[in-house]
Amino acid sequence: VAGKKAGQMVDVAKLNVQLFDLNGDYNDIMRQLGQVMYDTHKGQAPEGDPVTQLLAKADELTEKITEVKARISDLRQAQACGAPCG
């Protein structure tokens with residue numbers, strides 16, 4: 001039981017690192033969107049359609065973030081129960 005709990009703690013730690021990275025990527029996409037909007041406001045029209053591309057990336061990252069948060073929650077719930085709480 002102790003080994004399983006330790007393994008779950010390691011899994012949560014790894015997922016937290018992954019979540020940190022995903023949030024950083026998401027924030028970078030938001031920054032890029034803001035830059036595109038400001039450049040457009042200043043009359044510097046971007047080539048192509050970067051807004052649609054950036055929004056698609058943001059949606060993808062949001063989905064991944066949600067999945068990682070759910071996995072963390074499930075692992076923490078299992079830790080609290082001492083066994084899968086299914």
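## A starting term

A salt bridge, as the word is used here, is a side-chain nitrogen of Lys or Arg within 4 Å of a carboxyl oxygen of Asp or Glu. The side chains of Asp28 and Arg31 meet this description, with a nitrogen-to-oxygen distance of 3.4 Å, in what is a predicted model.

## Overall make-up

The protein is built with two helices and zero strands. Helix α1 covers residues 2-41, while helix α2 covers residues 50-81. For α2, which has 32 residues, the distance from the first C-alpha to the last is 46 Å, close to the 46 Å expected at 1.5 Å a residue.

Of the 86 residues in the protein, 21% are buried, and the accessible surface comes to about 6,200 Å², with 55% of that area belonging to carbon and sulfur atoms. When contacts between residues at least 6 apart in sequence are considered, 77% of them join residues at least 24 apart.

## The nonpolar core

The largest nonpolar core has 14 residues, and those that touch the most other members are Leu15, Leu19, Leu22, Ile29, Leu54, Val68 and Ile72. Both α1 and α2 contribute to this core, each supplying at least two residues. In soluble globular proteins, nonpolar side chains tend to be buried together.

## Where the helices meet

Val12 has its place in helix α1 and counts as buried because its relative accessibility is 7%, which is under the 20% cut-off. Apart from neighbours within four places in sequence, Val12 is in contact with Ile72, Leu75, Arg76 and Gln79. The C-alpha atoms of Val12 and Arg76 are 7.6 Å apart, although 64 residues separate the two along the chain.

Gln8, also in helix α1, is buried with a relative accessible area of 12%, and its contacts beyond four places in sequence are with Leu75, Ala78 and Gln79. Elsewhere in helix α1 lies Gly34, which counts as partly exposed at 37% relative accessibility. Gly34 and Val51 are 17 residues apart in sequence, and their C-alpha atoms are 9.6 Å apart in space.

## The salt bridges

The structure holds two salt bridges. Asp28 is partly exposed, with a relative accessible area of 33%.

The other pair joins Lys64 to Glu60, with the closest N and O atoms 3.5 Å apart. These two residues both lie in helix α2, where they are four residues apart, or about one turn of the helix. An α-helix has 3.6 residues a turn, so residues three or four places apart point the same way. Lys64 is partly exposed at a relative accessible area of 37%, and Glu60 is likewise partly exposed, at 46% relative accessibility.

Definitions and conventions: Residues are numbered from 1 along each chain as its sequence is written. This is a predicted model: local features need pLDDT of at least 70, side-chain atom pairs count only at pLDDT 80 or more; totals for chains, interfaces and linings use all residues. Side-chain values use heavy atoms; hydrogens and water are left out. Buried means under 20% relative accessible area, exposed over 50%, partly exposed in between (1.4 Å probe, protein chains only). Contact means heavy atoms within 4.5 Å. A nonpolar core is a set of buried Ala, Val, Leu, Ile, Met, Phe, Trp, Tyr and Cys residues joined through side-chain atoms within 4.5 Å. The expected span of a helix is 1.5 Å times one less than its number of residues. Accessible areas come from the Shrake-Rupley method with a 1.4 Å probe; for residues, only the protein chains shown count as cover.
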